[in-house]
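Try each task before you read its solution.

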Amino acid sequence: MRITWGMMLNNMLAGMNLSSATIIKYQSQLATGKRIGKPSDDPTGVVRALSLRTTLNQTETYLNNVSQAHEWLAVSESALTRAHAALSRALELAQMGANDTLPQASRVALAAEVDELIATVASAGNTRYADRFVFAGTRTRNEPFSLVGTPPTGYAYDGNDAAIAWETEPGVLQRVNTDGQAAFGPAIDALIDLRDHLLAGDVASLGNNDITQLQVISDDVLRAQTDIGAKTKRLDESRDSLTQLKLTVFALLEKYEGADMAEAIMRLQMAEASYSAAQAATARIIGPTLVDLIR
């Protein structure tokens with residue numbers, strides 16, 4: 001077969017184009033830090049990387065749910081702490097009022113303070129997180145507690161006991177809300193009873209009923225706080241597990257997508273040397289005039 005100048009030229013140009021493509025490939029790797037620029041670079045690696053990115057997106061969603069659940073529980077715990085403090089003060093007032101030697105005028109003054117505690121507990125029951133009432137069950141847009149009468153003789157509850165739960169890990173639903181009526185309703189009723197008994201000077205009810213009732217309800221609120229503490233601990237464990245998974249996925253993505261910088265530099269230098277050698281060889285064979293035209 002006769003070798004023509006055109007065949008020689010085409011062969012040289014093909015070699016130079018291949019070297020140019022290699023140069024562009026490794027320049028891109030060095031610029032982006034990524035080994036895979038398009039699916040054809042590594043079809044198997046692309047499929048694996050897509051799967052890992054799906055896992056990463058899911059993990060981010062779970063971490064976001066954990067963060068929101070954590071904040072919801074923190075707000076709820078703070079509200080219960082306020083209620084517990086109010087009940088502790090009410091217990092002190094009940095013990096003071098049950099003293100036979102206390103003048104009735106002093107009991108009336110204590111009753112006025114109890115009215116403030118009633119308002120405090122109702123306000124704690126109406127605590128919000130991100131414009132949602134945390135103790136209203138699933139009726140989070142409704143203010144759950146409203147006091148009836150002035151001074152209050154009772155309360156109305158506009159919520160429910162339905163659960164609000166977020167998926168914090170695959171297949172794991174974490175309830176974040178506390179039954180508002182169970183947590184705050186008995187406290188409001190007990191405080192109203194205490195106030196009425198103070199106003200009436202009913203020392204027997206103060207000593208025999210109110211003190212015991214307030215102690216029981218205070219313990220119930222404390223148990224609700226403890227339950228929140230246990231949920232918070234589980235969320236912390238989930239967050240730690242998810243964070244570790246995220247780091248693992250990032251490491252695997254780097255394995256499949258990340259460029260080996262040292263190798264990329266070496267291969268870029270080799271491609272540049274090959275391109276220069278091809279230019280020199282072409283110049284020697286065809287002559288400077290034609291080579292100048294095709295550069």
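A polar contact here is a pair of N or O atoms within 3.5 Å, one able to donate a hydrogen and the other to accept it. Keep that cut-off at hand for the first exercise, and bear in mind that this is a predicted model.

**Exercise 1. The ends of helix 4**

Task: Find which residue caps the N-terminal end of helix 4, and check what follows the helix at its other end.

Solution: 
- Start with the helix itself: helix 4 covers residues 180–200, 21 residues in total. From first to last C-alpha it reaches 30 Å, close to the 30 Å expected at 1.5 Å a residue.
- Now look at its N-terminal end. Asp179 is the cap, with a side-chain oxygen 3.2 Å from the backbone nitrogen of Gln181. That distance lies within the 3.5 Å cut-off.
- Then go to the residue just after the helix, Gly201, which takes a positive phi of about 65°.

**Exercise 2. Two hairpins**

Task: Describe the pairing and the turn for strands 3 and 4, and then for strands 5 and 6.

Solution: 
- Strand 3 (residues 145–148) and strand 4 (residues 154–157) run antiparallel and are joined by 4 bridges. One of the partnered residues is Val148, which pairs with Gly154.
- The turn of this hairpin holds 5 residues between the strands, and Gly149 there has a positive phi of about 90°.
- In the loop between strand 3 and strand 4 you will also find Thr150. Its relative accessibility is 83%, so Thr150 counts as exposed.
- Strand 5 (residues 165–169) pairs with strand 6 (residues 172–175), again through 4 bridges and in the antiparallel sense. Here Glu169 has Val172 as its bridge partner.
- This second hairpin has 2 residues between its strands, and Gly171 takes a positive phi near 80°.

**Exercise 3. A loop asparagine**

Task: Is Asn177 buried or exposed, and which backbone atoms does its side chain meet?

Solution: 
- Locate the residue: Asn177 sits in the loop between strand 6 and helix 4.
- Apply the cut-off: buried means under 20% relative accessible area. At 2% relative accessibility, Asn177 therefore counts as buried.
- Follow the polar atoms of the Asn177 side chain. One lies 2.9 Å from the backbone oxygen of Ala162, and the backbone nitrogen of Ile164 is 2.8 Å from a polar atom of this side chain.
- Complete the surroundings: leaving aside residues up to four places away in sequence, Asn177 touches Trp72, Val134, Gly137, Ala162, Ala163, Ile164 and Lys231.

How values were computed:
Residues are numbered from 1 along each chain as its sequence is written. This is a predicted model: local features need pLDDT of at least 70, side-chain atom pairs count only at pLDDT 80 or more; totals for chains, interfaces and linings use all residues. Side-chain values use heavy atoms; hydrogens and water are left out. The expected span of a helix is 1.5 Å times one less than its number of residues. Two strands pair if DSSP finds at least two bridges between them. Buried means under 20% relative accessible area, exposed over 50%, partly exposed in between (1.4 Å probe, protein chains only). Contact means heavy atoms within 4.5 Å.
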